[in-house]
Amino acid sequence: MNNPYSILGVNPNASEDEIKKQYRQLSRKYHPDANINNPNREQAEEKFKEINAAYKEIMRERTEGGYGRSSYGYSNYGQNNYSQNGYNQGGYGQSNYSSNSYSQSGYGSTGYGQGGYGSTGYGSTGYGQNSYGSTGYGQGGYGQNSYGQNSYGNQSGAGYGYKEQNTYRTYSEFGGYGKDTDESVLKILRAAKNFLANGAYREARAALDNLNVYNRLSYWYYLSSMTNAGLKNDVGAYEDIKMAVRLDPNNAEYKALYNSYDLDRGYYGSKKENFGYRSHFNDNYKYNYDGFSSGFLRLVMFILLGLIYYSLKRYGF
Amino acid sequence: MFGYINVNKAELKFIEYDIYRSYYLGLRRNIKKRFGSLAKLSSSYDMTFIVLLLTGLYEPETKCETHRYLTRGMEKQEERYNEFTDYAADINMLFTIYKCLDDWHDEKKVMRLIYGNILKRKEKAYCDRYIKRIESIKACLKDFTDAEKKGGIHADDMALLFGRIMGEILAIKDDEWNDELMDLGNALGKFIYLVDAYEDVDKDIKKGTYNPFKKSVERAGFTDGLRKILNMIMDDASREFEKLPIIENVGILRNIIYSGMWIRFEKAAEKKGEILKKYQTEEEDE
């Protein structure tokens, strides 16, 4: 898309409210309903779609770029990977993988599908049954193609990815897991991490849940937290990262994710003070919140009064 | 699910409060007219938010009338209503009936059962325009109540189910704003469910009814943790909200989303003796 700001006719530094105002103005002008009698209504409709797309693109940037949860960790993985496909084409998360095989074959029985995930053919041997048992992680190999490069290769520094296939046997690649950790355990963690990077949260969840409880160390909780966050399991996400920090208080990565839950962080945290958030709400406790009691009592009183009035009238006073 | 979406009155401008109230009164009158006085017994503040949100997004033709109220010393009050008022009144009915049957089921309040059945007869007054939407909301509500009755379900799953109801309510037109409204509704629904569960946990422990926080509420720092979780949920909600091109009454809506939503939770927290301590990153000279 060409510069969305110029499509909308706003300054890139404009505030969100200014952008919204401008959008509304343009939208009123080019909306199909407003152009029924316009001989150029097809162009108007085209322009309308363009304006919509531009507005959405700008607001997506403004609300998701670099703020709290949406840009943290797991979705950073995701964004790097999908930026190759382009946000407009594949969409982040949803339409990209629904067009591949995993939605058809499911991951339990036949495996992750033939085309594999995206363009890299990971899991062509199938994730469900064959993957980490006999054939290993799949033919494309873990991290050989796009997602290996962008996502964790850079972060860990030690590059436990693709080329140095043997090096991760000499040190633990995952926090909390020692050098002698069983390969089957590591495979599960790698699979989960990979799924997470690609936004396949349900698959990541299944992979993680597959790991025996005794083998769930701090890194498992770290991955689990991000997986839960992706699945919008907010309680689980928080409890998991809390556990990870508890198990390994010195880990900077865990701490960073845990701190992202602080009340003044993120998009919401930075905005709420501007819109009336105060840490004490004493003034407003006077509201009666139970939907029923006040009205109900009034009704009861009304009936009682009615009865009293009626009986007074009836028995003559 | 009543009385969770509130305004922070202290932080609203006078004019904003008057407008909010006008939509509220318009809604109340609508409920009374179409469903009878009996239906008015339930609170409508939450539905007022829905009217304001949809009005802000779609800017429909809105009528404004004035009426005198005895309870306000015969002072003239403005009442605003539009197509979304009808819709919100329907939703209010749905939830009122649900709450009645729910209270009967949980606490055996006979009056509620009677009340609920009386209201059920008025269901044919639902707005034709949104009948389909009402049906899908009812279906989501049923999923939720089934899960409640089953019991033993994790807080997140229950919250998601309730969130879906709210999402269905907000995503009224199935248009280009469907995703944002759905996600906003999901987040608000989750928030409401968790606050409700938090409020009821003591009662549920005593009665032995299901509550997802039964086992965890006594842990140290539970309330602080829940507050952080709720904060994260509102983070999602606010981002989706700000994606919507709402100008009209955005001040009221922001007051609700950034501040008013917390009132009920903080009230419950205060009752448990867990007032929000100041932020850790507070400046020292504060």
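Predicted model: local features only at pLDDT ≥ 70, side-chain atom pairs only at ≥ 80, totals over all residues.
## Chain A

Chain A is helical in its secondary structure, with 17 helices and zero strands. Its length is 317 residues, and 50% of them count as buried. The accessible surface of chain A is about 16500 Å². Carbon and sulfur atoms account for 49% of that surface.

## The interface between chain A and chain B

On one side of the interface are 58 residues of chain A, and these are in contact with 69 residues of chain B. About 5900 Å² of area is buried between chain A and chain B. Carbon and sulfur atoms give 57% of this buried area.

Ten salt bridges are counted between chain A and chain B. A salt bridge also links the side chains of A:Lys20 and B:Glu242, with 2.9 Å from N to O. Polar contacts across the interface of chain A and chain B come to 27 residue pairs, in which both residues have pLDDT 80 or more.

## The side of chain A that touches chain B

Several helices of chain A each supply at least two residues to the side that touches chain B. They are α2 (16-30), α3 (41-64), α4 (68-71), α14 (234-247), α16 (266-271) and α17 (293-314). The helix that gives the most to this side is α3(A), with eight residues.

Sorted by class, the side of chain A that touches chain B has 22 charged, 21 nonpolar and 15 polar residues.

## Two buried residues in helices of chain B

B:Glu240 belongs to helix α8 of chain B, which covers residues 222-243. B:Glu240 has a relative accessible area of 9%, and it counts as buried because this value is under 20%. Apart from neighbours within four places in sequence, B:Glu240 is in contact with A:Glu64 in chain A. Within chain B, the contacts of B:Glu240 under that condition are B:Asp179, B:Glu180, B:Asp183 and B:Leu184.

B:Asn30 is part of helix α1 of chain B, residues 14-35. With a relative accessibility of 7%, B:Asn30 is buried. When neighbours within four places in sequence are left aside, B:Asn30 is in contact with B:Thr85, B:Asp86 and B:Ala89. B:Lys40 is ten residues from B:Asn30 along the chain, and the C-alpha atoms of the two are separated by 9.6 Å.

Most residues other than glycine have a negative phi. Two residues with a positive phi are described here, one in each chain.

In chain A, A:Lys232 is a residue other than glycine with a phi near 65 degrees. A:Lys232 sits in the loop between α13 (218-230) and α14. The relative accessible area of A:Lys232 is 35%, and the residue is partly exposed.

In chain B, B:Asn249 is not a glycine, and its phi is positive at about 60 degrees. The loop that holds B:Asn249 runs between α8 and α9 (250-260) of chain B. B:Asn249 counts as buried, at 15% relative accessibility.

Key. Residues numbered from 1 in each chain as written. Chains lettered and ligands numbered in written order. Heavy atoms only, no water. Contact = heavy atoms within 4.5 Å. Buried area = accessible area lost by both parts, 1.4 Å probe. Salt bridge = Lys/Arg side-chain N within 4 Å of Asp/Glu carboxyl O. Polar contact = N/O pair within 3.5 Å; in protein donor to acceptor, adjacent residues only side chain to side chain. Helix = DSSP H or I, 4+ residues; strand = E, 2+ residues; numbered from the N terminus. Nonpolar A, V, L, I, M, F, W, Y, C, P; charged D, E, K, R; others polar. Buried < 20%, exposed > 50% of the residue type's maximum accessible area, 1.4 Å probe, protein only. Areas by Shrake-Rupley, 256 points an atom, 1.4 Å probe, with all protein chains shown as cover.
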